[in-house]
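The sequence and the structure come first, and the description follows.

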Amino acid sequence: MVRIKFKYTQEIVQAKFVNLIILTDEKESRQLVVITDKPTATNISATYESRKSALTRKKFFERSALYVALSLLPDEMKKLMFIHIDALVDGQYHAHLVRRNADINEPDHDLRISEAVLLSIVADIPIYIDDHLWRIQSTIHNKLSNGTSIPLNTLPLPMLKEALQQAIDKENYEMAKLLNDEIHNRFPEA
């Protein structure tokens, strides 16, 4: 497994309600891009920024329902937990909250990836991703880049349709075929 961490959120140009969560490996050489909604991205960024000052963090977290819930867990228990991303299902990363040394029959707790990132920030719970998934889904993290590559297999249907139309308009038929195949594979009813 590869340990990853929250790096920043980023807006998508021409997409009013869609933002990206950028997660990097510890060396910050590769990144995983997660699509989310704007309010969630704003909440994650604000939570992350509030960590920089102890006073700001205390004021911010004390108003958070997540903080209240986590305050019930002893620190020793939080240290025994980690978040595991193990699959990509229908364009969504599959994450679990796992207890180290838990009984094999004890279920882990499924999380949306945005919830997992927020939980990681608030409770300092590490995030890991399977090696294979990391290799196929991550891209090079370029700190100086103005843009970010998003894997096709994570794009929602409206974005795929928009990208398909743009590819057709630009007569980029190779890209149009890739996008069309992705739409038909993930959304056969579309």
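## Two packed helices

In this predicted model, helix H1 passes helix H5 in a left-handed crossing. The axes of H1, which covers residues 38-50, and of H5 come within 10 Å and cross at roughly 10°. Since angles under 35 degrees count as roughly parallel, H1 and H5 are therefore roughly parallel to each other.

On the H1 side, the residues that take part are Thr-40, Asn-43, Ile-44, Thr-47 and Tyr-48, and they meet Ser-114, Val-117, Leu-118, Ile-121 and Val-122 in H5. Sorted by class, this contact of H1 with H5 holds 6 nonpolar and 4 polar residues, and no charged residues.

## The largest pocket

The largest pocket has a volume of about 610 Å³. It is lined by 22 residues, of which Ile-12, Val-13, Ile-150, Leu-155 and Met-159 are the closest to its centre. Strand S1 (2-11), strand S2 (18-25) and helix H7 (157-169) each contribute at least two residues to this lining, and the largest share, 5 residues, comes from H7. In terms of class, the lining of the largest pocket is made up of 14 nonpolar, 5 polar and 3 charged residues.

## The second largest pocket

For the second largest pocket, the volume is about 230 Å³. Its lining counts 16 residues, and those closest to the centre are Ile-4, Lys-5, Phe-6, Arg-51 and Ser-120. The elements that give two or more residues to this lining are S1 and H5, the helix at 113-123, with S1 providing the largest share, 5 residues. By class, the lining of the second largest pocket divides into 8 nonpolar, 1 polar and 7 charged residues.

How many cavities of 30 Å³ or more does a search of the whole structure find? The search finds 1, and the volume of the largest cavity is about 60 Å³. Its lining consists of Val-33, Val-34, Ile-35, Gly-91, Gln-92, Tyr-93, Ile-113 and Thr-154.

Strand S3 (30-37) and strand S5 (92-99) each supply at least two residues of the lining of this cavity, and the largest share, 3 residues, belongs to S3.

Terms used:
Residues are numbered from 1 along each chain as its sequence is written. This is a predicted model: local features need pLDDT of at least 70, side-chain atom pairs count only at pLDDT 80 or more; totals for chains, interfaces and linings use all residues. Side-chain values use heavy atoms; hydrogens and water are left out. On a 1 Å grid over the protein atoms alone, a cavity is a set of points where a 1.4 Å probe fits but cannot get out, and a pocket is an open set with protein on both sides within 12 Å along at least five of seven lines; lining residues have an atom within 4 Å of a point. Grid points are joined across faces, edges and corners, and a volume is the space filled by probe spheres set on the points. Helices (H or I, at least four residues) and strands (E, at least two) are DSSP runs, numbered from the N terminus. Ala, Val, Leu, Ile, Met, Phe, Trp, Tyr, Cys and Pro count as nonpolar, Asp, Glu, Lys and Arg as charged, and the others, Gly among them, as polar. Axes are lines fitted to C-alpha atoms, for helices over the stretch in contact, and angles run from 0 to 180 degrees between N-to-C directions. Angles under 35 degrees count as roughly parallel, over 145 as roughly antiparallel, 65 to 115 as roughly perpendicular and the rest as oblique. A crossing is left-handed if the near helix is turned anticlockwise from the far one by less than a right angle, and right-handed if clockwise. Contact means heavy atoms within 4.5 Å.
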